[in-house]
Amino acid sequence: MSRFKVSKFRHTEARPSRREAWISDIRAGTTASCGNHIKSSCHLIAFNSDRPGVLGIVPLESQGEDKRQVTYLGCHSDLVTDLDFSPFDDFLLATGSADRTVKLWRLPASGQALPSVPGLVLGPEPVQVEVLHFHPTADGVLASAAGMAVKVWDVAKHQALTELAAHGDLVQAAVWSRDGALLGTICKDKQLRIFDPRTKPGASQSTEAHKNGKDGRLAWTGIQEHLVSTGFNQMREHEVKVWDTRHFSSALASLTLDTSPGRQQSDQVKKGSSEASSSCPPKVSDAPAGPRLRAPDPGRKVTQCLLESVLRGAALVPRRALAIMNCEVLRVLQLSNTAIVPVSYHVPRKAVEFHEDLFPDTAGCVPASDPHAWWAGSNQQVQKVSLHPAHRPHPSFTSCLVPPMEPSLDAAQPAETPVGDTDPSEGFSSPLSSLASPSTPSSLGPSLSSTSGIGTSPSQRSLQSLLGPSSKFRHAQGTVLHRDSHITNLKGLNLTTPGESDGFCANRLRVAVPLLSSGGQVAVLELQKPGRLPDTALPTLQNGAAVTDLAWDPFDPYRLAVGGEDARIRLWRVPPEGLQEVLTTPEAVLTGHTEKIYSLRFHPLAADLLASSSYDLTIRIWDLQARAEQLRLQGHRDQIFSLAWSPSGQHLATVCKDGYLRVYEPRGGPEPLQEGPGPEGARGARVVWVCDGQCLLVSGFDSRSERQLLLYPAEALAGGPLAVLGLDVAPSTLLPSYDPDTSLVLLTGKGDTRVFLYELLPEAPFFLECNSFTSTDPHKGFILLPKTECDVREVEFARCLRLRQTSLEPVAFRLPRVRKEFFQDDVFPDTTVSWEPVLSAKAWLGGANGQPRLISLQPPGMSPVSQAPREAPARRVPSSAIYLEEKSDQQKKEELLNAMVAKLGNREDPLPQDSFEGVDEDEWHLQSLCAMPSCLLFHL
């Protein structure tokens, strides 16, 4: 008789919502993980944004006619791989990440600021976390999968109750049974396993799930012993199977769907859907066709819904949040690139009443036990509640795992209406593009204070609580200055310098450019004498060996250090009037390295002190006054890509091809003070100290050759980076130029046409993207000039030199400001006197330290904008009293009649046809005859 059985949901209608009900203007993204991209509780929706480590948070229901606002939560330093809401507490969210940690967040009610730090952190794991799932009956029990291991956590105690073994490959799904006694997993080794975690760590049952191990999902149905798996068969077709734990050797039923590359998200369909469809839970697919609702038996298909956009993820809304009186049995949230589209499934019924057959009692939100009781063997179930509207509201529950946040003073006051920029790159969000994005904090690093120096008003804080912090430099404009300031007709550039070398160098007076001519020639050009260079040969410095790197002495603008492939460092003295003739004899030659030189860096505070790295895997520190090596640093096992002095001059950082980032205290010993994991790729890297020496920024490549930025805490390299930001795929290494006054870093590579601009913070969201500079042709180099070269009156916060194939161009980065007659003291803090040494080389080598002197950039005659009088805003719209003034009915009628008359015109005016000329009677009859049909003419 079962073949005659019909589903009570057979007439279910899928009703995609109108566009007004969509949650639009989002920037969704997907990650290469086995987890969810979107989840929903009864109050909130969380989804993966297009920035690594950042989630979008939005209310499930809109409040009145107000549009739902999406806020962004920066929760991890790498991709968010999975997320899950607590089944008892609608505001408790667990997130797992590629940064190998699990974090729990207490989300606020609508209108309040998102948290800046997690409530608690679990891990780190050996590899990235793939799957998370809260226990269905006990509050504080969480299952997580990372690699081949599955752990069951007692979250309150920050410890694992057990670790489940026997997986032969990556675990793709881990799901609790509805009574919380069993845990089912599906693995890349094609095996479906059932565990009883409280009995033993090994699997109690195991069977082959699907022939193809590409991807798989799992969900338990409404029947206690039944579960559904989704995956691929040998033909790479989507396959759905129903299993009975009592007869686990083979599937009860199997269904083949299609060959779409998207994976079947059966893990999204859990207790809400299983109640709606009894033993035949629906399946949600992220294939381009959109969500489909099917039964396992091909002959008993329920319904399907085709949507207009490609899915990035799908989630079910809990049954307690459905429109019961409208017979809404299911609501699926479709995540696309730019919108979240709710799709409701309704069963048509004539009577508008509560239909008990469609809506049986469902699990409430009060947990049945705690982790200790459950682990001791308690199988108590969550008390069910009725969905009848008359029995609402249901009892609420707030988990003690993460205490509720205290409402802030700003949140207690009504927020002002946002005006001006509504850039959703603030708060814990990353910037505008995918880039990028902004990566987010890691629990492995310390919590540091912001150094952006931006003062915010209450209204700005209210806007930031909604959109998150943004950089005040986000609207920066990079402009190539007038051609009169260019140096043109530059010939024979040397483009064979190492990829980690800037390729040329400049100070406030002149620029040194290596040439391709034999003998390692270097041209020295005067910045104060722009224009076309002569066609004849330029006077150069003859090094005698190919140039690998070069640097100007910051305290002596006439001394240039040049490293060569002959393992020698030559010091040249350029005459004050400029280079007038070819120089063949350097001022001094430093010898000691046994392989070619790779990098040169002058000490930032001490005079006559130079650090050099070489292919002999050593770093040597030279006293230029004594022209001798004073210190030698060791510990590198491969090529040293880059080195950088700390702002205080006490430490030296290196990044190496062996995959490690190291920090030395040169005066303390030759071995590294600490080391940590560097970029995964071995193609090249650069390192620079940022955030007042609190952090290290490394530009390099990942294992897929994608260019990325890594931000490390300077005091804890072993814990890995605080944040990782992927940029693009390109062959050249990103060369960073850092401005310590504004915390801005400019990044570009040789042969690029784009210069990235980011403001760096030592805390979340770490990277704030600003407008990038784009050129029409690729540049061969890009360096930052001293701060004193900026035109402060034009709010120029950075000036750079761009080296092209045949010319040298200055590029000015300016910030648009309204009141430019005032000195923008928020953009121009006191800057370091970088051209005056603080110490001598002898004093530094003897253990002395110092602090640089600061000066103000405020031009004479300008007042700071912080002290400028406030201007009353001019009203640009008519007063609202004009629109609110009450009018009588007679006035309204007169206005309406006057408008109609004005539109129709004066009745006494002649009509247009009155001015037309007539025709003679004979002509009229002739035209009439010509217009008649031939049959009528025949009768005439």
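Modeller: Helices (H or I, at least four residues) and strands (E, at least two) are DSSP runs, numbered from the N terminus. What you have on screen is a predicted model, so local features need pLDDT of at least 70 and side-chain atom pairs count only at pLDDT 80 or more, while totals for chains, interfaces and linings use all residues. Residues are numbered from 1 along each chain as its sequence is written, and side-chain values use heavy atoms, with hydrogens and water left out.

Loops, then. Pro765 lies in the one between β55 (754-760) and β56 (767-769), and the peptide bond joining Ala764 to Pro765 is cis, with omega about 5°. Gly123 and Pro124 are also joined by a cis bond, omega about 10°; here Pro124 is in the loop between β10 (120-122) and β11 (129-134). For context, most peptide bonds are trans, and most residues other than glycine have a negative phi.

Ala567 has a positive value, near 70°, without being a glycine, and its place is the loop between β38 (556-564) and β39 (569-573). Ser743 is another non-glycine with a positive phi, near 60°, in the loop from β53 (735-739) to β54 (744-748). What about burial? I call a residue buried under 20% relative accessible area, exposed over 50% and partly exposed in between (1.4 Å probe, protein chains only). Ala567 counts as buried because its relative accessible area is 8%, and Ser743 is buried too, at 6%.

Ala253 and Val228 are 25 residues apart in sequence, with 9.6 Å between their C-alpha atoms.

Now the rings. Rings of Phe, Tyr and Trp (its six-membered ring) pair if their centres lie within 6.5 Å; planes under 30 degrees apart are stacked, over 60 edge-to-face, and the rest tilted. That rule gives 14 aromatic pairs. One of them is Phe797 with Phe813, a tilted pair at 6.5 Å centre to centre and 45° between the planes. Phe797 belongs to β59 (residues 796-803) and Phe813 to β60 (residues 808-814), so this pair ties together parts 16 residues apart in sequence. Both partners are out of the solvent by the cut-off above: Phe797 is buried at 2% and Phe813 is buried at 1%. The pair is also part of one aromatic cluster, made of Phe473, Phe773, Phe782, Phe797 and Phe813.

There's a charge-ring contact as well. A charge sits over a ring if NZ of Lys or CZ of Arg is within 6 Å of the ring centre and within 35 degrees of the ring normal. Arg683 places its charged end over the ring of Phe701, 4.6 Å from the centre.

For salt bridges, I want a side-chain nitrogen of Lys or Arg within 4 Å of a carboxyl oxygen of Asp or Glu. Searching the whole structure turns up 39 of them. Among them, Arg349 meets Asp357 at 3.0 Å, N to O; Arg349 is partly exposed at 30%, and so is Asp357 at 38%. Glu208 bridges to Lys211, with the closest N and O atoms 3.1 Å apart, where Glu208 is partly exposed at 35% and Lys211 partly exposed at 43%. Asp535 and Arg532 meet at 3.3 Å, N to O, and here the partners are exposed: Asp535 at 53%, Arg532 at 60%. Shared partners also link Asp616, Arg620, Glu629 and Arg632 into one salt-bridge network.

Cysteines are quickly done. With a disulfide taken as a pair of cysteine sulfur atoms within 2.5 Å, the structure holds zero disulfides. Cys187 is buried at 2%, and Cys505 is buried at 9%.

Last stop, the surface. Leu896, Leu897 and Met900 make a nonpolar patch of about 310 Å². Patches use residues with over 30% relative accessible area and no salt bridge, joining like charges within 9 Å and nonpolar side chains (Val, Leu, Ile, Met, Phe, Trp, Tyr) within 5 Å. The areas are Shrake-Rupley with a 1.4 Å probe, and for residues only the protein chains shown count as cover. Leu897 is in helix α7 (residues 889-904) and is exposed, with a relative accessible area of 52%.
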